[in-house]
Amino acid sequence: MRFALAALLSHWRRKPLQLLTLVMGIALATALWSGVQAINAEARASYTRAASVLEQGALQQVVSKGGGGISIDTYGKLRRAGWNLSPVIEGTVRFGASWIKLVGIDPTTMPREGQVASITDGSDISSFFSAPGQLVVSAATARKLRNATDMRLKISENVPDDAAFVDISVADRLLDARGKINRLVVASEQRPGLDPIDQVAPETMLRENTDKPDVARLTDSFHLNLTAFGFLSFVVGLFIVYSATGLTFEQRRGTFRTLRSLGISLPALTTMLVVELAAFSLFSGIIGVILGYFIASALMPGVATTLKGLYGANVPGSLSIRPEWWVSGLAIALGGTAISSVRSLWRVWSLPILAAAQPRAWQRASAKTLAYQATAGGGLLLLSAVLAVTGSGIVIGFGVLGALLLGCALLLPGLLAISLASAERVSRTALTQWFWADTRLQLPGLSLALMALLLALSANIGVGTMVSSFRLTFLGWLDQRLAAELYVTAKDEDQATRLREWLPQHSTAVLPIWSVEGDVFGDQLQIFGVADDPTYRDHWPLIVADDNAWDEVASGKGALINEQMWRRGTAKPGQTIAMPGGWDATVVGIYSDYGNPKGQVIVGIDALVAHYPDVSKLRYGIRVPPESAPTLRQQLVSEFGLPETAIIDQISLKQQSRAVFEQTFAVTGALNVLTLAVAGFAMFSSLLTLSGIRLPQLAPVWAMGIRRRNLALYEVARTLALWLATFIAAIPVGLGLAWVLLAIVNVEAFGWRLPMTVFPLDWLWLGAVALVAAILSILVPVRRLATINPADLLRIFANER
Amino acid sequence: MTLSMTAVRKSYTTAEGVIEILNGIDLDVGASESVALTGESGSGKSTLLHLAGGLDHADGGSVIMQGQDLAKFGERERADYRRTQVGLVFQQFNLIPSLNVAANISFHAKLAGRYDAAWELDLTERLGLAPYLSRFPEQLSGGQQQRVAIARTLAARPPLILADEPTGNLDEATGDAVLELMLSLAKNAGSALLLVTHSMRLAHRLDRKVILRGGRIVE
Ligand SMILES: Nc1ncnc2c1ncn2[C@@H]1O[C@H](COP(=O)(O)OP(=O)(O)O)[C@@H](O)[C@H]1O
Ligand SMILES: [Mg+2]
């Protein structure tokens, strides 16, 4: 038994490159998959952590029906009825340059499950109450806030970054809530026989504790996106494993035969092979998981920025090591190897072992196979089209994507075969005819790698087109939307009042940026007020608008909603929406609002103030001739003592927005490059594999007077031709992909639809990268061929094998 | 004289040391002459053919083909030589798997610039290959494949045909018939023929018979 295993393993000593290919294939597949899973797990864990700490997520909550907040009276009523509740006032405030989510709690009534332990432990509870107040924050937040506030800072590692617990009275003051409670936390232990909450206080309702935090639901599409990419890379990696095991099994056929004739039974042989593969896949899996950890760590800061920019979700930029990744990563490695080697194992089992090794049979695939494949591919494309037309939802969106990509990949070898056959037909000389025919002969052996390449290239083109289209639209939109030259935030209402008096004499227009939060059709969203100003009429980008939309808005009857609300079907033009606080407005227009995960409504400023007199009036956009913006800024600082950070000019705001935008897609870009790299490696390993069985095909041509050097050049040209054809095929596939992303997936995931713009120059760039990769992938095999010993070629012809 | 080998030596370096395979081969093949080369297995017949065909270098002596010394050739000239001056038929893997029978047959002739449709048609008829022209090598039996290889070599009408046991894998009757044809067609094409064979019976049908033994030619 031991000698048999030694004989089997000796193969790898003679073919170290093959071993490397196999290990790399498994490792790469595992790495990208488990890396993406690691990122997702980290983010999800952080959402849950944040929700359970900040939102007391494990407990039921009482919220107001209209969305306007709960009054002290209501709270008192419920307490008198015997309910054990604790009030929370929360919101976002600005400390210097940073926005902090403030959660104001009452530690004396907060049930223990909802407490952050460090607030109430022992002696210093009194400092939580006493003036000027104490902020309980994470260490990172504390560093940010150190010089921005005179409140005491207390560090608790349970608190997520950019959030702070304070006493409810402090929150009330800072948020200017005037006693409006956002929600009441319901203790899990209540006296029996209480009147139901909605009977005691019909203006409120009970919100069940959700097992999934809001932000987790919001970011689902983003994580699905990452998963899709991880899966794509995984599939591409498996292609490598598949071709590597196929070859090694074929080459060891002789050994198998010898072992069997020496009395090793078929089950014993199969067991040995399975054990061998399992050992390899475990070993490679470990490398893969480690690699995945590094990939994930490298991507995590970008992911964190994206999640914050797109969804306001706070995720740490670093990764913690979880034992379950190791397990799942190794399981993926084992599973992937099993899937991709089952065919080879089956052949060992089923083919007559005494048949001679047939290295060419392994790469041979009949026209029938290609036809079957193409039919399946066509079917998938059809499915994709049907899904695109009839289905909806983010999962269907990805279904459309998957079917499109896989369908095109399956069609590719057939299409290439047809093109090569026609090239062969029209070629004039014997040599060109042979060139094309021989390229076609390579197709079955390369088709998996070419399919992988098509997937990677079209993913690159598709995602690139999507991002570039988005960038173009976004920048144009930013130019329109950020029309004011300066944006100023007052310290408090007093200062705001003085600003309102002072600014009109020093500017062309003052545009209040005031908003409240409230429930519309059950969605928590922002309601903004706009002044009746030409700035909006001229610049604000409306996608759909009534003729006199702005007049309607100014009159207080009309409202504009953002695209997200419209696309999600929450409201549509002409519809009357019930606004929180018990008034109605009619939707008169839709505006695009990129980067905002939530719904938004714009009403006239007068209506806003009339219906929400408590609205905080701190922010303003100021229109001045651009050249006088710096002067005005200076004046604001000197006259009002405003800190520099309270005034932002248009240019820096745009810069900030652009930076967030670029960061948002940095992760996608990195995954794109990685997928392409894996596909390039797949191509390399296939070419290397083929070069091993290529000699009998090339030897006769050499014998008839074509030099080794020229044969090598033809090999390069052949590879380049296949890459080029695949690249050309990838362009329409990529554009199809971009369309699905822009028209289906983005609409479902983010709620906005973008016009598609094509950037051929980007393709050129990608083409250049692909060209370099192509040359790299053929370099080793071709160098071997160009310098091969003639004796090796001659051996082919002798009957001594 | 078409091919003239004088004092040709060839040795291989292996793990066990240097093995002398050919030590002093003198062999002339005249234009249109057919010569049978026989000898025990491992005596160096294939090696000799490879040297004559410009597929490998001799260690010493000279191989002169139509007045040109192969020893002076670089790789490019060797390739030119193989393309235009010789036709090779080996025991196996003669054919280009990606081309069908018709393309295989005309491949060498076209490379050599001596393509002649009428002559090729005649050849395929005589070798009985007409029904198989659109098949691919892997769809043919071993004997059919060798006939295609012979047809390809004859179609190119090289001054010298080198055939290394071309019918070694065939049964006797088929092998004899194929060789018979090859002989007469080579004569038609005006090619000289150096043929390695084990069959004494066949060897007698050729113009001359030489034996390779101990690294030398013995008549
Ligand atoms: N490339 C090589 N390296 C080492 N030995 C070789 C090589 N090619 C042939 N030989 C040896 O040279 C001897 C002659 O081989 P060959 O010319 O093929 O003989 P034949 O064709 O007469 O059977 C054999 O012993 C063979 O093993
Ligand atoms: Mg021989």
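This is a predicted model: local features need pLDDT of at least 70, side-chain atom pairs count only at pLDDT 80 or more; totals for chains, interfaces and linings use all residues.
Colleague: What percentage of the residues of chain A count as buried?
Modeller: Buried means under 20% relative accessible area, exposed over 50%, and partly exposed in between, with a 1.4 Å probe and protein chains only. Chain A has 801 residues. The share that counts as buried is 53%.

Colleague: Which residues of chain A lose the most area to chain B?
Modeller: Buried area is the accessible area (1.4 Å probe) that two parts lose on being put together, summed over both. Chains A and B bury about 2700 Å² between them, 61% of it on carbon and sulfur atoms. Together accounting for 26% of what the chain A side buries, the residues are Met704(A), Arg707(A) and Phe797(A).

Colleague: How many residues does the contact take from each of chain A and chain B?
Modeller: Contact means heavy atoms within 4.5 Å. On that basis, chain A gives 27 residues and chain B gives 27 residues.

Colleague: Which residues line the second largest cavity?
Modeller: A cavity is a set of points, on a 1 Å grid over the protein atoms alone, where a 1.4 Å probe fits but cannot get out, and lining residues have an atom within 4 Å of a point. The second largest cavity has a volume of about 40 Å³, a volume being the space filled by probe spheres set on the points, which are joined across faces, edges and corners. From chain A the lining takes Pro700(A), Ala703(A), Met704(A) and Phe797(A), and from chain B it takes Leu88(B), Phe90(B), Asn94(B), His108(B) and Arg152(B).

Colleague: Where is Gln66(B) found?
Modeller: Gln66(B) has a positive phi near 45 degrees, though it is a residue other than glycine. Its relative accessibility is 43%, so Gln66(B) counts as partly exposed. Its place is the loop between β4 (60-65) and β5 (68-69) of chain B.

Colleague: Why is Arg157(B) called partly exposed?
Modeller: Arg157(B) is in the loop between α5 (142-155) and β7 (160-164) of chain B, and has a positive phi of about 40 degrees although it is not a glycine. Arg157(B) is called partly exposed because its relative accessible area is 29%.

Colleague: Which residues does Arg146(A) touch, not counting residues up to four places away in sequence?
Modeller: Arg146(A) is in the loop between α6 (139-145) and β5 (152-155) of chain A. With a relative accessible area of 46%, Arg146(A) is partly exposed. Beyond those sequence neighbours, Arg146(A) touches Leu153(A) and Ile155(A).

Key: Residues are numbered from 1 along each chain as its sequence is written. Chains are lettered from A and ligands numbered from 1 in the order in which they are written. Side-chain values use heavy atoms; hydrogens and water are left out. On a 1 Å grid over the protein atoms alone, a cavity is a set of points where a 1.4 Å probe fits but cannot get out, and a pocket is an open set with protein on both sides within 12 Å along at least five of seven lines; lining residues have an atom within 4 Å of a point. Helices (H or I, at least four residues) and strands (E, at least two) are DSSP runs, numbered from the N terminus.
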